[in-house]
Amino acid sequence: MIIGAGGHAKVCYEIAKLLNCWRNIIFLDDCLENNYFHIQGPISNYKYFLESDFFVAIGSNEIRKKFITILEESGASLIKLVHPQSIVSDSVSIGAGSVVMGGVVINACSKIGRGCIINTGCTIDHDCNIKDFVHISPGTNVSGSVQIGCLSWLGTGTTVINNIEISEKVIIGAGSVILKNIKDQGTYVGHPCKKIK
Ligand SMILES: CC(C)(COP(=O)(O)OP(=O)(O)OC[C@H]1O[C@@H](n2cnc3c(N)ncnc32)[C@H](O)[C@@H]1OP(=O)(O)O)[C@@H](O)C(=O)NCCC(=O)NCCS
């Protein structure tokens, strides 16, 4: 069962197909009109499929957290999706409900939390700690020993130098360069990255 059927779900679906582990892949979404996927029903129908494996393919960190939490509390089995053309060290741990997309590299001893999106072509170097429900957008480079707090979102092509700590619920604009710790929630952009909201 895939929850969500937008653009992010298209990419997750293709990874699930490549992994070849499931006989049928069925979509639930509250928008039943979809010109790409057949939608089986609204998301609330998840309760009729609790024997299935679930993946929540929703880009918004908060909404993905909401549905993953509901599924966990219902005892559903949440899978992770790791693209076969990604390079992930054996010493990396990846939480349930996370996706690692094509072309990603995750190096030694990094930890990826639950419900994370490690998007196309990112690199996450050694000893990083990426907490739950984080989204690392395409082409972002996270250097070694970086910690990123829950629900944070790094926009496309962000660069983070080593040994940085980013707190929870931080938004980083596309193309930003992070050279210092970010302690407060908010939106940060630019090179060097500065708070705008
Ligand atoms: C950072 C971001 C979230 C801000 O969006 P927003 O809250 O709607 O902010 P606005 O577009 O109103 O921009 C506010 C100001 O910040 C500037 N700004 C916005 N994003 C910026 C960026 N990435 N780099 C530099 N400046 C940026 C705008 O030019 C504007 O400046 P101004 O007030 O001088 O005109 C958004 O611009 C962004 O970069 N999103 C990332 C998208 C992405 O990577 N998606 C990947 C999906 S997989």
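Leaving aside its neighbours within four places in sequence, which residues is Pro84 in contact with? They are Leu18 and Leu19, where contact means heavy atoms within 4.5 Å.

Quick housekeeping before I go on. This is a predicted model, so to speak: local features need pLDDT of at least 70, side-chain atom pairs count only at pLDDT 80 or more, and totals for chains, interfaces and linings use all residues. Residues are numbered from 1 along each chain as its sequence is written, and side-chain values use heavy atoms, with hydrogens and water left out.

Back to Pro84, then. You'll find Pro84 in the loop between strand S6 (81–82) and strand S7 (87–88). When I say strand or helix, I'm talking about DSSP runs numbered from the N terminus: H or I with at least four residues for helices, E with at least two for strands. Pro84 has a relative accessible area of 42%, which makes it partly exposed. The cut-offs there are under 20% for buried, over 50% for exposed, and partly exposed in between, using a 1.4 Å probe and protein chains only. And if you hop 13 residues along the chain to Gly97, the C-alpha atoms of Pro84 and Gly97 are separated by 17 Å.

Okay, the sheet. We've got an open sheet of five strands, in the order S3-S2-S1-S4-S5, with parallel pairing. Strand S3 (39–41) and strand S5 (77–78) are at the edges with a single partner strand each, so one side of each has no neighbour in the sheet. Pairing here needs at least two bridges found by DSSP between the strands. Strand S2 (residues 27–28) and S3 run parallel and are joined by two bridges, and Phe27 sits opposite Ile39 in S3. Then there's helix H2 (residues 61–73), which lies across strand S1 (2–3), strand S4 (53–56) and S5, and runs at about 160° to S4. For that angle, axes are lines fitted to C-alpha atoms, for helices over the stretch in contact, and the angles run from 0 to 180 degrees between N-to-C directions.

How many salt bridges does the structure hold? Two, counting a side-chain nitrogen of Lys or Arg within 4 Å of a carboxyl oxygen of Asp or Glu. One pairs Arg114 with Glu72, with the closest N and O atoms 2.8 Å apart. Arg114 is in the loop between strand S11 (111–112) and strand S12 (117–118), while Glu72 is in helix H2, so this pair ties together parts 42 residues apart in sequence. Arg114 also meets Asp132 in a salt bridge, at 2.7 Å from N to O. Asp132 is in the loop between strand S14 (129–130) and strand S15 (135–136), and that pair is 18 residues apart. Put together, Glu72, Arg114 and Asp132 are linked in a network of salt bridges. Arg114 is partly exposed at 27% relative accessibility, and Glu72 is partly exposed at 31%.

Most residues other than glycine have a negative phi, and most peptide bonds are trans. Asn20 has a positive phi, near 60°. Asn20 is in the loop between helix H1 (7–19) and S2, and is exposed, with a relative accessible area of 67%. Asn163 has a positive phi too, about 65°, and sits in the loop between strand S19 (159–160) and strand S20 (165–166). Finally, His191 and Pro192 are joined by a cis peptide bond, with omega about -5°. Pro192 is in the loop between strand S23 (186–189) and strand S24 (194–195).
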